[in-house]
Amino acid sequence: MPNIATKHSLDLKKPQPLKRGALRVTPLGGLGDVGRNMTLFEHKGKLVVVDCGVLFPEETQPGIDVILPDFTPLRDRLKDVEAIVLTHGHEDHIGGVPYLLKERPDIPLVGSKLTLAFITAKLQEHKITPITHEVAAGDHHQAGPFDLEFVAVNHSIPDGLAVALRTSAGLVLHTGDFKMDQFPMDKRITDLNHFARLGDEGVDLFMTDSTNAEVPGFTTAEKDLGAAIDRVFREAPKRIVVSSFASHVHRIQQVLDTAHKHGRKVAFVGRSMVRNMGIASDLGYLNIPKGLVVDLKQLSKMQDNKIVLICTGSQGEPMAALSRMANREHIIKVGEGDTILLASSLIPGNENAIYGVINSLIRWGATVVHKGNAKVHVSGHASAGELTYCYNIVKPKNVLPVHGEWRHLTANADLAIATGVPEDRVLVVEDGVVVDLDRGRASIAGRIPAPYVFVDGATIGVATEDALKDRLSLAEEGHITVLGIYDLATQKLVEPVEFIPRGFVEAVGWEDQAEDVAAKALEQATARGHVDGEAAERAIEDGLSRWFFRRHRRTPVITTVVIDAD
Ligand SMILES: [Zn+2]
């Protein structure tokens, strides 16, 4: 068994101050979830942050836009942060940067050309101009006591980098997200030679992507999708709408090439898609054949079978173009004969939203091609076979699986152990569990809180469980306002309470019964002693809540307002 920080170790204490010369690793996100990746490295009083991403909310978190890591552990040490290293440009690795830079705008961002271009464009929308240090594979960058070295990795976005952090406490290799496509579109493969050189030097702690650790074998090459995409184009009688992540440059390159071959024109739809594809093409990561891409407005003059639209929304995000098309809220009205190609993954947690969108599109008469019915997606992450190779090449002394839910982290740990890493040198931990590397040995040092920080519109805050529970009750059970006029002197209601229900599914005659329940609850309270206005509200609320649950198995949110009779 690896050294698992299971639920039993929830009572882990706050860690002791870091030993001199040791290295502290604190995951603030990405361990236990797929998203909001962020890790803090501390050495000699200085900090380096690797990635700062967002997590997208699930249905149980209604109204939440994104979820951030909690920056509290950084807050009074912002001046000690030497750099934020960004391994690649995916939202779950860069999406939190604007929020962190709001706390200290001049923390240098270190990353590859494309990664920095994506984050800089995003920061512009937040009116922040970052300090950036561009690095390429093979480069070193000194950040305080950290010597950072960058390694080319292949992923579902170009220009990904793994980062090696060299300190006097040892050498850490953090892969970021990666896979080992041997025939990538851009011919930039994961540099196993470089991994091997670091392995020969001695990797003290290997932090590696767990997302696909449960998947046996090897991840299929991106270019193998070509045939399935071509088939969609051959068979589509009318318009083709392709939905993908706005950063999946290689996938979109394949779509562009196929559209060009079939004599269609392409329009990008949606702010992030237009922005990112503009950047990728300007910087030479996306090759757009001349005259292929046109403005959305120009498409209205063209025949349906000459049109391709490329948009976002492949995860069923309600505000994205595809969801709006499915709901008929978009200028593009999907209809009979149109073909929708979801050239994308299905991130755990998004299933219901995506299938909802697919069903709507089919109801409008469209044909929907997705990974469930055609080979139109390959993962961006290394499967078990690739990870095994990596362990054998890197020969790490200690292993800390990152990026994934518990099942992914433990599957990755098992692979490390299978290649001969001693079980007690493999640490499976979740966000907030602090790991110290001291004299070649990694061990769990304690735990700090790593709660979700919810962004709701322009509000950022630590939403409590209760607040979200209230939201769910409101959505599921509705709300009832109870109005009463109460005579403090006589300790009685002047007249029966009134109800204003909102979104509450009413049973016939409930109000008469509920009136009696409210009156009785108040009577019982006054029988025990003097009851002021506030206590009267509480008594009525409690009485009604109990009654609704007992009689109707319902838990509407109840707000009681009692007005003084004078
Ligand atoms: Zn990624």
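This is a predicted model: local features need pLDDT of at least 70, side-chain atom pairs count only at pLDDT 80 or more; totals for chains, interfaces and linings use all residues.

Trainee: What lines the second largest cavity?
Mentor: Its lining is made up of N154, H155, S156, K179, D181, P184, M185, E222, H248 and H250. Pro and Met count as nonpolar, and Asp, Glu and Lys as charged, so this lining comes to two nonpolar, five polar and three charged residues. The space inside the second largest cavity is about 40 Å³.

Trainee: And what is known of the second largest pocket?
Mentor: The second largest pocket has a volume of about 430 Å³. Its lining has 20 residues, and P15, R24, P73, R77 and I448 lie nearest its centre. Strand 2 (23-29), strand 3 (38-43) and helix 1 (72-75) are the elements that give two or more residues to this lining. By class, the lining of the second largest pocket has 11 nonpolar, three polar and six charged residues.

Trainee: How do you know whether G95 is buried or exposed?
Mentor: Set its value against the cut-off: buried means under 20% relative accessible area. G95 has 5%, so G95 is buried. You will find G95 in the loop between helix 2 (91-94) and helix 3 (97-101).

Trainee: What does G95 touch beyond its sequence neighbours?
Mentor: Leaving aside residues up to four places away in sequence, G95 touches C52, G53, V54, H90 and K122. Contact means heavy atoms within 4.5 Å. G95 and D51 are 44 residues apart in sequence, and their C-alpha atoms are 9.1 Å apart in space.

Trainee: Why does N212 count as buried?
Mentor: The cut-off is under 20%, and N212 has 13% relative accessibility, so N212 counts as buried. N212 sits in the loop between strand 13 (205-207) and helix 6 (226-235). Not counting residues up to four places away in sequence, N212 touches T219, S379, H381, A382, S383 and A384.

Trainee: A384 is among those contacts. Which residues of helix 12 are buried?
Mentor: A384 is one of them, along with G385, E386, L387, C390, Y391 and V394, in a helix that covers residues 384-394. The buried residues of helix 12 pack against strand 12 (170-174), helix 5 (192-201), strand 13, strand 19 (398-399) and helix 13 (406-418). Just after helix 12, K395 takes a positive phi of about 50°.

Trainee: Why are strand 8 and strand 22 said to stand at the edges?
Mentor: Start with the order: eight strands form an open sheet, 8-7-6-4-3-2-21-22, with mixed pairing. Strand 8 (132-134) and strand 22 (441-447) each have a single partner strand, so one side of each is left without a neighbour in the sheet. On average, neighbouring strands of this sheet are turned by 25° against each other, direction ignored.

Trainee: What makes strand 6 and strand 7 a pair?
Mentor: Two strands pair if there are at least two bridges between them. Strand 6 (residues 81-85) and strand 7 (residues 109-111) have two bridges, in the parallel sense. V85 stands opposite V110 in strand 7. Helix 4 (residues 113-125) lies across strand 7 and strand 8, and runs at about 145° to strand 7.

Trainee: How many helices and strands does the protein have?
Mentor: The protein has 16 helices and 28 strands. Of its 566 residues, 55% are buried.

Technical notes. Residues are numbered from 1 along each chain as its sequence is written. Side-chain values use heavy atoms; hydrogens and water are left out. Helices (H or I, at least four residues) and strands (E, at least two) are DSSP runs, numbered from the N terminus. Buried means under 20% relative accessible area, exposed over 50%, partly exposed in between (1.4 Å probe, protein chains only). On a 1 Å grid over the protein atoms alone, a cavity is a set of points where a 1.4 Å probe fits but cannot get out, and a pocket is an open set with protein on both sides within 12 Å along at least five of seven lines; lining residues have an atom within 4 Å of a point. Grid points are joined across faces, edges and corners, and a volume is the space filled by probe spheres set on the points. Axes are lines fitted to C-alpha atoms, for helices over the stretch in contact, and angles run from 0 to 180 degrees between N-to-C directions.
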